[in-house]
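Hi,

Here is the model I promised to send over.

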Amino acid sequence: MRLRYQFRLYPTPGQRDALARAFGCARVVFNDGLRARQDARAAGLPYVSDAALSRLVITEAKKSPERTWLGEVSAVVLQQALADLNAAYRNFSASMSGKRKGRKVALPRFRSRKDSRQAVRFTRNARFAITAGRKLRLPKIGDVKVMWSRGLPSEPSSVTVIRDAAGRYFASFVVETADDPLPETTGEVGIDLGLTHFAVLSDGTKITNPRILRRAERRLRRAQKALSRKQTGSANRAKAKARVARIHARVADTRRDHAHKLSTLLVRDNQAVYVEDLNVTGLGRTRLAKSVYDAGWAQFTAMLEYKAQRYGRTFARIGRFEPTSQTCSTCRVKDGPKPLNVREWACPACGTVHDRDINAAKNILAAGRADRRNACGGTVSPSA
Ligand SMILES: [Zn+2]
């Protein structure tokens, strides 16, 4: 399985300049490529092939006086920027033809120097290396100091260098890892992801967001409000923006740590993990601050999925059509929709009093078991 391993980088001022040049060149090549395709389309000409585009915006461009500086950065960085563009076009057409599931993918857009995230990718062809002194050697940039928080399980096939909105640098390595199945266990769990709790488990456990995260999120909301009151283009606005970016970065880090710990625990203790495939787009139409949550949910379920695969566990998403919060988990009677403020209800058929979220988690577990039983041809025994 391919995994990403991310580490903080500490480039020197000179290396930062070189990275800024690389980000800039990659952006120019990406934008030139996009413009060439757009122009061809507007002129009714055929789609510019990947090879033709590379010739046009890299090889030929380097010979022109306005683009000679493209030679100052690793050629791989430029090729990878075009590879991103090509992938964006492929995703777009796959989405249009229905081959790609999920939300519709839009046509690629121009990159800006003002984008909060800047990135360049080096593949093995670029001969990046980890030096004897444990630094990351990047062509035309230098040996950059890395904060290694853990080891790499194998030789990385590529590294993406990222500068985030808070001005921090990261190296994201792509490594191939072997599956590492854990001894089998009997536990199974259904997980309801929600707004009042981060997650509620079918065994009744409720997991809240850690207090530190809630505090940071409050601070983020306040900082965002302050930013919105600042005048466009003012020095105070720039300062407020940097502050928002810093808090954002800290919130994202804390959330990721929390998701890592919880997903590892759940995958280790259970042979099968089921979650509801959330209707995040639907939630977006409500007044709930969904942006704070949906990113966290997506990240968490993605972690569950890859960890389950890696450790030999079952992971499944339960379809949205299951009315998990309307069905009694004891007698399966459907009791109709309930507004979000109804936290507890009594089943009209069997009289069981349900906690809304725990009942949903139990139904997710039941639906997951049923799917698994069908898939396995009846080898999984049904249980209460
Ligand atoms: Zn009932």
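I picked Arg134 for its backbone: phi is positive, about 65°, although Arg134 is not a glycine. Arg134 sits in the loop between strand E3 (129–130) and strand E4 (136–138). Helices (H or I, at least four residues) and strands (E, at least two) are DSSP runs, numbered from the N terminus.

Lys140 is another residue other than glycine with a positive phi, near 65°. You'll find Lys140 in the loop between E4 and strand E5 (142–147). Lys140 counts as exposed, because its relative accessible area is 53%.

Before the rest, two words on conventions. This is a predicted model, where local features need pLDDT of at least 70 and side-chain atom pairs count only at pLDDT 80 or more, while totals for chains, interfaces and linings use all residues. Residues are numbered from 1 along each chain as its sequence is written, and side-chain values use heavy atoms, with hydrogens and water left out.

Now the overall picture. The protein chain has eight helices and 14 strands, and its C-alpha atoms fill a box of roughly 80 × 55 × 55 Å along the principal axes. Of its 384 residues, 41% count as buried. The protein chain exposes about 21600 Å², with carbon and sulfur atoms supplying 51% of that (Shrake-Rupley areas with a 1.4 Å probe; for residues, only the protein chains shown count as cover). Among the contacts in the protein chain with a separation of 6 or more, 66% are between residues 24 or more positions apart; contact here means heavy atoms within 4.5 Å.

On charges, the protein chain carries 73 positive and 33 negative ones, and their mean positions are 7 Å apart. Lys and Arg count as positive and Asp and Glu as negative, with His and the chain ends not counted; each charge is placed at NZ of Lys, CZ of Arg, CG of Asp or CD of Glu.

Next, the zinc ion. Its protein donors are Cys328 (SG), Cys331 (SG), Cys347 (SG) and Cys350 (SG), at 2.3 to 2.4 Å. Donors are N, O and S atoms within 2.8 Å of the metal (3.2 Å for Na, K and Ca), and water is not among the atoms, so sites may look incomplete. Along the chain the donors follow the spacing C-x2-C-x15-C-x2-C. The site is tetrahedral, with angles of 108 to 113° among the four donor atoms; four donors get that label if all angles lie between 85 and 135 degrees. For four tetrahedral donors the ideal angle is 109.5 degrees. Cys347 is buried, at 4% relative accessibility, whereas Cys350 is partly exposed, at 36%.

For the contacts below, neighbours within four places in sequence are left aside.

- Asp357 lies in helix H8 (residues 356–376) and counts as buried because its relative accessibility is 9%. Asp357 touches Asp192, Thr196, His197, Val200 and Arg343.
- Asp32, in helix H1 (residues 13–42), is buried at 13% relative accessible area. Its contacts are Val57 and Arg67.
- Asn209 is found in the loop between strand E10 (206–207) and helix H4 (211–229). Asn209 is buried, with a relative accessible area of 13%, and is in contact with Phe198, Arg214 and His258.

Finally, some distances, C-alpha to C-alpha. Asp357 and Gln231 are 43 Å apart in space and 126 residues apart in sequence. Lys241 is exposed, because its relative accessible area is 52%. Gln309 and Gln326 are 17 residues apart along the chain and separated by 31 Å. Gln309 belongs to helix H7 (residues 290–310) and is partly exposed at 48% relative accessibility. Gln309 is also in contact with Met1 and Asp179.

Cheers

Note on methods: Buried means under 20% relative accessible area, exposed over 50%, partly exposed in between (1.4 Å probe, protein chains only). Four donors count as tetrahedral if all angles lie between 85 and 135 degrees; four count as square planar and six as octahedral if opposite donors are over 155 degrees apart and all others between 65 and 115; anything else is irregular.
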